[in-house]
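Thank you for making time this morning.

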Amino acid sequence: MSLLLPFETLKARAKRALDTRIARCDPQLHGIGFDSEAACLALIPYAVLDDDERAALRAMARNAREGSDLAQRARMHAEANRSDWSQWLQRIRLTGHHRIDQWDVRCVRELIAHFPECVSQRRAAIACHVDDETDAWMLAFADAPRRTEIGP
């Protein structure tokens with residue numbers, strides 16, 4: 001038995017997985033203090049930015065059209081001409097989404113390796129084909145073979 005999944009659905013799941021990871025580094029959303037290792041690691045690159053780079057982040061946040069909570073916070077600080085870590089996390093999010101959008105179906109295994117939560121269970125084989133009706137790439141996941149225990 002196999003599972004059929006559009007490649008675009010897998011990419012959407014990867015974006016949600018990235019968003020979940022970013023949210024875990026977001027002290028405001030999840031109450032993670034700055035003593036949290038994940039939050040600190042995510043914020044280190046932001047801390048070493050110079051003034052021009054911070055201004056570029058504020059400009060990006062100010063012009064963002066997205067309506068996520070993170071984007072709204074980043075935009076609010078940018079409109080007040082303040083720098084905030086939310087602008088860095090938003091940049092990570094936008095860059096990640098753009099890269100996932102550009103991912104090629106031939107690299108589906110690498111996408112799953114980066115975001116294993118995209119698939120419900122490990123599968124033995126993945127076959128890709130174009131759906132004749134929609135021209136969309138489809139992924140066929142074959143069930144992993146069952147392990148049989150050999151007794152003494």
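Let me begin with α5 and α6, which are oblique to each other, because angles under 35 degrees count as roughly parallel, over 145 as roughly antiparallel, 65 to 115 as roughly perpendicular and the rest as oblique. Helix α5 covers residues 69-79 and helix α6 covers residues 85-102, and the two pack at an angle of about 130 degrees with their axes 8 Å apart. The axes here are lines fitted to C-alpha atoms, for helices over the stretch in contact, and the angles run from 0 to 180 degrees between N-to-C directions. The names come from DSSP runs numbered from the N terminus, with helices being H or I runs of at least four residues and strands being E runs of at least two.

Please keep in mind that this is a predicted model, in which local features need pLDDT of at least 70 and side-chain atom pairs count only at pLDDT 80 or more, while totals for chains, interfaces and linings use all residues. Residues are numbered from 1 along each chain as its sequence is written, and side-chain values use heavy atoms, with hydrogens and water left out.

Which residues of α5 and α6 meet? From α5 they are Leu70, Ala71, Arg73, Ala74, His77 and Ala78, and from α6 they are Trp85, Ser86, Gln87, Leu89, Gln90 and Arg93, where contact means heavy atoms within 4.5 Å. By class, this contact of α5 with α6 has six nonpolar, four polar and two charged residues; Ala, Val, Leu, Ile, Met, Phe, Trp, Tyr, Cys and Pro count as nonpolar, Asp, Glu, Lys and Arg as charged, and the others, Gly among them, as polar.

Helix α5 also packs on helix α4, residues 51-63, with axes that come within 8 Å and cross at roughly 120 degrees, and that makes α4 oblique to α5. Here Arg58, Ala61 and Arg62 of α4 touch Ala74, Arg75, Ala78 and Glu79 of α5, and the residues of this contact divide into three nonpolar, no polar and four charged.

In the loop between α5 and α6 sits Asn81, which has a positive phi of about 60 degrees although it is not a glycine. Asn81 is exposed, with a relative accessible area of 54%, and for these words buried means under 20% relative accessible area, exposed over 50%, and partly exposed in between, with a 1.4 Å probe and protein chains only.

Now to Trp103, in the loop between α6 and α7 (108-114), which counts as partly exposed at 21% relative accessibility. Trp103 and Lys11 lie 92 residues apart in sequence, and their C-alpha atoms are 8.1 Å apart in space. Is Lys11, at 5% relative accessibility, buried or exposed? Lys11, which belongs to helix α1, counts as buried at that value.

Finally, the largest nonpolar core has 25 residues, of which Phe7, Leu10, Phe115 and Leu139 touch the most other members; such a core is a set of buried Ala, Val, Leu, Ile, Met, Phe, Trp, Tyr and Cys residues joined through side-chain atoms within 4.5 Å. The largest share of this core, six residues, comes from α1. Leaving aside residues up to four places away in sequence, Leu139 touches several residues, including Leu3, Phe7, Leu10, Val105 and Ile126.
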